[in-house]
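Please look over the sequence and the model before reading on.

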Amino acid sequence: MIHSSLKGRLLIAAPSVQAPLFTRSVVLMVEHTDDQGAKGIILNLPTTATMTDLAGKLFNEDFVWEKPLHLGGPVSGPLMVLHTEEQLADLEVVSGVYMALDATKSQHLISMEVEPSLVVANFSCWAPGQLEEELNNDVWLTIPADSAHIFLSGYDDLWRTTIGEARADKLKDIVGLRETPDDPSLN
């Protein structure tokens with residue numbers, strides 16, 4: 001039984017993970033329940049395709065926007081847009097960050113070139129209990145997600161940044177520190 005949902009948290013792949021899509025990946029959790037399992041999207045896996053490439057194929061209109069399409073995982077799913085426009089939201093994933101799943105909303109956000117945004121195809125999912133087992137086997141580290149993580153511009157930097165944050169949090173737990181000052185010299 002899940003004691004707390006991981007929705008709104010980041011899963012950061014441990015350095016030992018060698019699965020092709022998940023090596024050095026950072027996954028934003030968008031669902032996590034006892035009976036349905038978990039669903040997330042990889043944030044740092046851009047493809048070579050851009051919104052310009054998708055324009056005529058998916059949207060029946062041509063436009064030029066060199067924003068990359070990201071691969072959210074191995075499971076086929078709708079084109080999704082992570083963004084900050086509440087009126088075009090289907091789901092709030094973390095405070096102030098929304099997901100558009102509806103094709104009309106996604107098309108509108110893309111054609112408007114809304115920033116900050118992340119356009120994602122496919123998703124990652126885990127059967128009930130599968131993610132908990134992976135967490136027990138130290139496959140993933142977790143930290144709370146925020147908009148700065150989701151819209152970080154350097155994709156390689158996202159894994160480095162979040163793995164450092166997760167290790168610092170884990171060290172605080174091991175040592176028993178509840179709070180650390182922003183400036184340790186003030187301690």
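**Aromatic cluster and overall picture**

Phe 22, Trp 126 and Trp 140 make up one aromatic cluster. The model is a predicted one. Its chain has 187 residues, of which 40% are buried. The secondary structure amounts to five helices and ten strands. Of the contacts between residues at least 6 apart in sequence, 63% join residues at least 24 apart.

**Aromatic pairs**

- A pair of rings is described by how far apart the centres are and by the angle between the planes.
- The count of aromatic pairs comes to two.
- One of them joins Phe 22 and Trp 140, with 5.8 Å from centre to centre and 90° between the planes, an edge-to-face arrangement.
- Phe 22 is in the loop between strand S1 (9-13) and strand S2 (26-33), while Trp 140 is in strand S10 (residues 140-144), so this pair ties together parts that lie 118 residues apart in sequence.
- Phe 22 and Trp 140 are both buried.
- Trp 126 and Trp 140 also form a pair: the ring centres are 6.2 Å apart and the planes are at 85°, so this pair is edge-to-face.
- Since Trp 126 belongs to strand S9 (residues 118-126) and Trp 140 to strand S10, the pair links parts that are 14 residues apart in sequence.
- Trp 126 has a relative accessibility of 5% and therefore counts as buried, the cut-off being under 20%.
- Trp 140 is buried too, with a relative accessible area of 5%.

**Strand S9 and its partners**

- Eight of the nine residues of S9 are buried, so the strand is largely enclosed by the rest of the structure.
- Strand S3 (residues 37-42) pairs with S9 in the antiparallel sense over three bridges. Here Gly 40 stands opposite Ser 124 of S9.
- Strand S5 (residues 68-71) pairs with S9 in the parallel sense, also over three bridges. Leu 71 has Ala 121 in S9 as its bridge partner.
- Strand S6 (residues 75-83) pairs with S9 in the antiparallel sense over five bridges. In S9, Leu 118 stands opposite Leu 82.
- Lys 39 lies over the face of Phe 123, 4.6 Å from the ring centre.
- In a regular strand, side chains alternate between the two faces of the sheet.

**Helix H2**

- Helix H2 (residues 103-111) has Ser 106, Leu 109 and Ile 110 as its buried residues. Viewed down the axis of H2, these buried residues fall within an arc of 95°, so they line one face of the helix.
- An α-helix has 3.6 residues a turn, so residues three or four places apart point the same way.
- The buried residues of H2 pack against helix H1 (51-58), S6, strand S8 (97-100) and S9.
- Asp 102 caps the N-terminal end of H2, with a side-chain oxygen 3.1 Å from the backbone nitrogen of Thr 104.
- After H2 comes Glu 113, which has a positive phi near 55°.

**Backbone exceptions**

- Most residues other than glycine have a negative phi, and most peptide bonds are trans.
- Glu 113 is not a glycine, yet its phi is positive at about 55°. Glu 113 sits in the loop between H2 and S9 and is partly exposed, with a relative accessible area of 36%.
- The peptide bond from Glu 115 to Pro 116 is cis, with omega near -5°. Pro 116 is found in the loop between H2 and S9.
- Arg 24, which is not a glycine either, has a positive phi of about 55°. Arg 24 belongs to the loop between S1 and S2 and is partly exposed, with a relative accessible area of 34%.

Note on methods: Residues numbered from 1 in each chain as written. Predicted model: local features only at pLDDT ≥ 70, side-chain atom pairs only at ≥ 80, totals over all residues. Heavy atoms only, no water. Phe/Tyr/Trp six-rings, centres within 6.5 Å; stacked < 30°, edge-to-face > 60°. Helix = DSSP H or I, 4+ residues; strand = E, 2+ residues; numbered from the N terminus. Buried < 20%, exposed > 50% of the residue type's maximum accessible area, 1.4 Å probe, protein only. Lys NZ or Arg CZ within 6 Å of the ring centre and 35° of its normal. Pairing = 2+ DSSP bridges. Arc of directions from axis to C-beta. Contact = heavy atoms within 4.5 Å. Polar contact = N/O pair within 3.5 Å; in protein donor to acceptor, adjacent residues only side chain to side chain.
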